[in-house]
Amino acid sequence: MRIPVACLLIIFAAVSNADDWPTWRGVQRDGVSQETGLLSEWPSAGPRKVWTSSDAGLGYSSFAVVGDRLYTLGADENEEYLIALDAMTGKKIWQTSIGARLANDWGDGPRSTPTVAGDLVVALGGKGGLRCVSTDGTVKWSAEMTELGGSVPNWGYSESPLVDGDKVLCTPGGSNGTVVAFDLESGKKLWQSSDMTVKAHYSSIVPVEHFGKRQYIQLTESKVFGLDAEGSLLWQSDWPGKVAVIPTPIYHDGFVYVASGYGIGCALLKISQDNSVTPVYDNKNMKNHHGGVIRLGDYVYGYSDGVGWLCQEMNSGEIVWNEKSKLDKGSVAYADGMLYCLSEKDGTCVLVKATPEGWEEHGRFVLEPQTKQRSIKGKVWTHPVIANGRLYLRDQEIVCCYDIAK
C-alpha cells in the first residue's frame, strides 16, 4: 500500500528543503542535491537506518527517487528489470523486464540509472534495451541500441538515459550516429547525430543552456562534443581516453570540465558563443575513474587515482588539497554543505565538509549488510543518492535507507 500524500507531506516537512533525485546524479546530473535541513554531524554509529531491502537484483545501478517511489535496475538469473520500491519502506511494488541479463566478469546485470519524467520512467539495460515504462510498470515503448548502429561496450551499456522536455536521448554509438533522440510519449526516433559517429563508452549526456541555446554534451573514449537540439554537431575536441571513459562532464558558465581514469587526467575547455573551443588546461591532477566529480563554486571534488580524495581549483586545474589515508577510492554525492563519500573497497560512507580548507570529517559508518553474490572482481560501485531527507546505498541486491534529516 502506498503512503498517502498527506503523510508524505508531514514526513518531508522535517526537511526544510526536500528534493527528489529523478535521474542519474540528481536533478542537474551534477551529483548535487539542493536539500537543506540535513545532519551536519553523524552519531558514532552513523545515521539511523530506516530499512533494508534485498529485492534489487544483481547489478550496479543507482537510484531515481521521486516522492514515495524509488526506481532502480537489477537482474535475476536470466533477465534485467526496472524495479520500483516504496521509498518509505523498501517494499517492492513491481518489476518489469527490460531485456536479457548482461554477463560480465566484473559483475553481471545492469549499470545505468533510470530517469523519471512525470508518470513515465525510462531505463537502459546492459545489453542496450531502452524501455519507457509507466509508473505502474506497463511498458509504453522500446528500442534497441544495437539496432541503431551501436554495439555493446565491453562492460555493457552503462549511461543513464536523459529525458529533456519531450525528448529521450541516449548513446548507441556507431556509424549511424553516436547520440539518438526519441519522442518521450511515442518512442518515435526524432534524430540521430550522423555527423558524430564515434562508438559509445560509459558517460551520460548533460543538457545545458549555452548562451541561451540548448546543447547536449557527451564524452566518449575519443571525443568530448556538443550537439544542438536537432542533433547537429556544434563543437568537438579530441579526448585521449583509455579502456573505459566513465565520468559525466561538468558544464559551468561556458566551460566544460572532463576527467578520466587509467592515467588520463582532466581538462577544461572554454566554449565560446560561436562554439569555438579553447583549451584552458590538460593535466593529471584529477584522474577520476568512475566515482564522479562534483563542482561546488570555484572547486571540484572527487577521488583521483594515485592522489586520493581531492579538492581542485576548477579554473586553474591546481590541487588545493588531497587526502589519501582517511578513505579508499570511491564515489561521491553532495547535499547541504557536505560530501557523502563512499568507499568501493569496504562500503565505508564518510560525511565530509565541502571546503577548500581540507578534509574535515563529520562521521562515518560501514554499509551493512553487504552482498554475498558480488563478483570476485566487483566492488561497492553504486553511487550514493540523497533524496527527501534520506540517504540510499546499494551493494548488488541489497539496498539500505538511512534517515539523515535533522
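**Pockets, cavities and a buried methionine**

Colleague: Is Met145 buried or exposed?

Modeller: The model is predicted, with local features needing pLDDT of at least 70 and side-chain atom pairs counting only at pLDDT 80 or more, while totals for chains, interfaces and linings use all residues. Residues are numbered from 1 along each chain as its sequence is written, and side-chain values use heavy atoms, leaving out hydrogens and water. Buried means under 20% relative accessible area, exposed over 50% and partly exposed in between, with a 1.4 Å probe and protein chains only. Because the relative accessibility of Met145 is 0%, this residue counts as buried.

Colleague: Which residues is Met145 in contact with, leaving aside neighbours within four places in sequence?

Modeller: Met145 sits in the loop between strand 10 (139-144) and strand 11 (162-164), where strands are DSSP runs (E, at least two residues) numbered from the N terminus. The C-alpha atom of Met145 is 9.7 Å from that of Gly125, a residue 20 positions away along the chain. With contact taken as heavy atoms within 4.5 Å, the partners of Met145 are Leu124, Gly128, Leu130, Gly150, Tyr157, Cys170, Thr171, Pro172 and Phe182.

Colleague: What volume does the largest pocket have?

Modeller: On a 1 Å grid over the protein atoms alone, a pocket is an open set of points with protein on both sides within 12 Å along at least five of seven lines, whereas a cavity is a set where a 1.4 Å probe fits but cannot get out, and lining residues have an atom within 4 Å of a point. The lining of the largest pocket has 28 residues, with Arg111, Ser158, Ile246, His290 and Trp381 nearest its centre, and it divides into 10 nonpolar (Ala, Val, Leu, Ile, Met, Phe, Trp, Tyr, Cys, Pro), five charged (Asp, Glu, Lys, Arg) and 13 polar residues (the others, Gly among them). With grid points joined across faces, edges and corners, and volume taken as the space filled by probe spheres set on the points, the largest pocket has about 610 Å³.

Colleague: Which element gives the largest share of the lining of the second largest pocket?

Modeller: The second largest pocket holds about 350 Å³, and 18 residues line it, with Gln28, Asp30, Val206, Pro207 and Tyr251 closest to its centre. Two or more lining residues come from each of strand 15 (206-210), strand 19 (250-252) and strand 23 (293-296). The largest share, four residues, is given by strand 15.

Colleague: What is the volume of the largest cavity?

Modeller: The whole structure has three cavities of 30 Å³ or more. Trp21, Trp24, Arg25, Gly31, Ser62, Val332, Ala333, His383, Pro384 and Val385 line the largest cavity, which gives six nonpolar, three polar and one charged by class. The volume of the largest cavity is about 50 Å³.
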